[in-house]
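Open the model in your viewer and keep the selection tool at hand. The tour goes stop by stop, with something to select at each one.

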Amino acid sequence: CKNNLVENNEKTPCLLQNLTGINNESSSFLESNLHIGLNILQINIQCLRNKLLELEHLSKLKHIDIISICEHWLLEEQISLFIPQGYKAASMVCRKTSKNGGAGIFLRDSFEYSKLDLSKFNIEQNLEISGIKLANIDIAILSLYRSPCGNMDLFFENFEKAIKKVLQHTSKLVIGGDFNIPFHRTTDTVTTTFVNILRSLNLVVLNKAPTRNDSCLDNILINFSRDCYELKVLNDCISDHNPLLLNLKLDKSCKPNKSVTSSKKCMRKQNETQIKLFAESLESERREIIDTYIRKEIDIETLFNSFLKMYNNIWYISSPLVKISGKSKQTKKFVWYNDDLKISKEIMLGYFDVFKNLKKNGSQHMEAAYNLYQFFKKEYKKKLNLAKRTCFENHIESANNKCKAAWEVISSETQNNTGVTPTALDPHLTNQYFIQSVADIQANIDNTDTLATNLLTNTFTDSVPQFTWSIITPNDVTKVAAKLSNSKTSDCYGISNYIVKNTIKYISSPLAFIFNQCLLHGYFPDLLKISKVLPVYKKGDRSLPQSYRPISIVPILSKVFESIMYHQLNQHFESNNIISNNQHGFRKNKSTTSAVTEIVVKALHAFEKKESVALTLIDLSKAFDCVNHGILLDKLKIYGISDNSIKILQSYLSNRVQYVSVQAQQSNSLSVATGVPQGSVLGPFLFIIFINDLPSNLLSNVVIYADDTTLFSSNKQFNTLKENMDESHSLALNWFASNRLLCNQEKTQNLLLSLSENYEDKSVKLLGFHIDSKLNWKSHISHVCRKISRVLYLMWKLRDFVSYEYLRMAYFAFFQSHISYGIVLWGHSSAVNDILLI
């Protein structure tokens, strides 16, 4: 029945068919829209911040797939604010000790890649190099910049080492850059030496034409045969360097593996028409299955399965599958370049040609021609800004939902692609990795003679009333569903919050009846224990599962049922004061700020008594996924959950399965043996119950937010303080081992808070706050300044394109949120003036 109800998307050909070039006569291949290869642009831009619009237009006009950029002049924190629309920053190198410079690669959004680590070869001014390897294609792309002030010997040495390393991983190589080597002087000693090095690496210099005045300084190097490429020097005045355009033709051996990805998938539309039809069909549906159950002709499992099948099938009929592109959701693209801009650009380039000819001939009118060129260049840039602003304003003003339209504009300028799942990620291997990684952690947990339940019963001696489930009413079901978000993300059955929320009144009565029967029989439906896992990129190689965080989506009807169960359980625990006051996670009137406030207040009191405070920040490895079901259920019994009531919780935790979905592909389902369900409603609550008795088993103070555990204690004597903390840490490790949780010692941090000058001043990060040894908040404010400085670049970037109203919206979303977070803790600091100056 599970297999019949899980919706499978149709598998179709590869997404990477976009890895294309141009197929016209060689004289006009640059203007063609028919791609057969890769278009690679090499450009020394000399300050990307001021020339982003021009680069976007050039890239669109020439159908650029990969941009190799030199002298972008960006700081590392500015990169995300200056990415050309439709591209992602694949690999960027920024200077840290001097200004300007830099090299990097922008890659079209639809392309997937792995980043090459060339950091040890990077020496500012001498060799600034970055690189990527395209997914499923044996081609590496490098971008480099060498300053004319750099040391040539260091450049030669590190360049050769870097290329040899890259060639160990790929056979095909493209290098674009501003080498500041006079390639036009074939007899020059430096040129000759470099060309000989290139020959030893089987690399060929493609360009001999001037790229800056009469000098050939910019070039592209490859190790392909001549029939694999076409090169052209472009006459676009973005900077005083001419860009190079390489059309790299792909042969059969370069084509991506089509079995890895799919370009199209199927989905069901969730608009008003489909929802209305669905609601009408549900309203007219007869509930004979409940009568059959009442007559005891079927059991509770068959009752729920039949109801879910009825609900899903009516939805499938109301909204048939339609094929859509399987590409990752892209930021909305705005078309604002018009014929007037094209004419203005031609005029500007015309005056530039006049200036170059007059300069070549040594004419006295050269300066006048240059001034005219500069005038029309400024006018062209003004028109670019005006055209983009007009496009954005028209989009917002003509939209029914102006707020949504404004966010589309803002998103198009921020362009955050870090969460996009690559098409090359194998869903089967990814699912196996997610399951196996938890098993590996559990295998590394030390055995202990201490029983987890003994640790609880030794400290929890309160007498609490027995908990039993209350009757669920249709109104309870409706209220819970009304609080669901309007998300249209589909679960394993193709059902979303939006669908359930808009149809709940037609099914609240039968659902209430079924839920009550489930509680009575201690049965949680197996069909609600299937999790759809979406891998979300964190960092590292995008083709490896360990570079992803699993985001689970449980069936929506499971959320409804769990929410009702949670409210009843939470009422029992809160009304009987069972949950420790040390726990600040997932509780009303508690937050990350309240957790850190508790530590800070007690530390300040210790300072007043001339005491020092020691902190130990404990990191647990996949704590939610490692919860032992047997221990959890035993603890629930001790906390007053009756034997009959606990049956459904045991059913809820057992026989769970998950599968990984990567765009149009799905893995096989695998069993989940331990842990509380991620993405669920009950999961977080059950975890805080699981960890609830930790504080009472420690000698030191402790603050917990979900699984983030911080031990702290104070004393005037450092040795005594250290002994107390060591003992408390040891007790904590014993508690974790007894409860089958693993403490990651490598990520566990220690910090001494003291006003004494005898101790090292350092800081740690706790729940988004950077806490320093003196509690002067300088470290935290410094990090806030870095964040909002990046936002200022965004605001600066947006100001020419959106009105004050929408600029204000962006301010509150990106700026105010950073400042307001925990300001009650650090707003009094003298260092806050640094923020005010920004």
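**Domains**

Bear in mind throughout that this is a predicted model. Begin by colouring the protein chain by its domain assignment: residues 37-249 form domain 1, 339-414 form domain 2 and 778-837 form domain 3. Taken over C-alpha atoms, the centres of domain 1 and domain 3 are 34 Å apart.

**Thr 211**

Select Thr 211, in the loop that runs between strand S9 (204-205) and strand S10 (218-222). Is Thr 211 buried or exposed? Its relative accessible area is 0%, so Thr 211 counts as buried.

Now show the side chain of Thr 211 and look for two polar partners. The side chain lies 3.1 Å from the backbone nitrogen of Leu 217. The side chain of Asp 218 makes a polar contact of 2.7 Å with that of Thr 211.

**Helices H3 and H4**

Next select helix H3 (residues 152-167) together with helix H4 (residues 189-200). Their axes are 11 Å apart and the packing angle is about 10°. An angle under 35 degrees counts as roughly parallel, and H3 is therefore roughly parallel to H4. Which residues meet between the two helices? On the H3 side, show Met 152, Phe 155, Phe 156, Phe 159 and Glu 160; on the H4 side, show Val 190, Thr 193, Phe 194, Ile 197, Leu 198 and Ser 200.

**Helices H15 and H19**

Move on to helix H15 (residues 556-575) and helix H19 (residues 682-690), whose axes come within 10 Å and cross at roughly 25°. H15 is therefore roughly parallel to H19. The crossing of H15 past H19 is left-handed. From H15, the contact uses Glu 562, Met 565, Tyr 566, Leu 569, Asn 570 and Phe 573. From H19, Leu 682, Gly 683, Phe 685 and Ile 689 take part.

**Lys 778**

Finish at Lys 778, in helix H21 (residues 778-798). What does Lys 778 contact, apart from neighbours within four places in sequence? Select Asp 772 and Ala 831 to see these contacts. For a distance across the model, pick the C-alpha atoms of Lys 778 and Thr 478: the two residues are 300 residues apart along the chain, and the atoms are separated by 49 Å.

Notes. Residues numbered from 1 in each chain as written. Predicted model: local features only at pLDDT ≥ 70, side-chain atom pairs only at ≥ 80, totals over all residues. Heavy atoms only, no water. Domains from an automatic or database assignment. Helix = DSSP H or I, 4+ residues; strand = E, 2+ residues; numbered from the N terminus. Buried < 20%, exposed > 50% of the residue type's maximum accessible area, 1.4 Å probe, protein only. Polar contact = N/O pair within 3.5 Å; in protein donor to acceptor, adjacent residues only side chain to side chain. Axes fitted to C-alpha atoms, helices over the stretch in contact; angles between N-to-C directions. Parallel < 35°, antiparallel > 145°, perpendicular 65-115°, else oblique. Left-handed = near helix turned anticlockwise from the far one by under 90°. Contact = heavy atoms within 4.5 Å.
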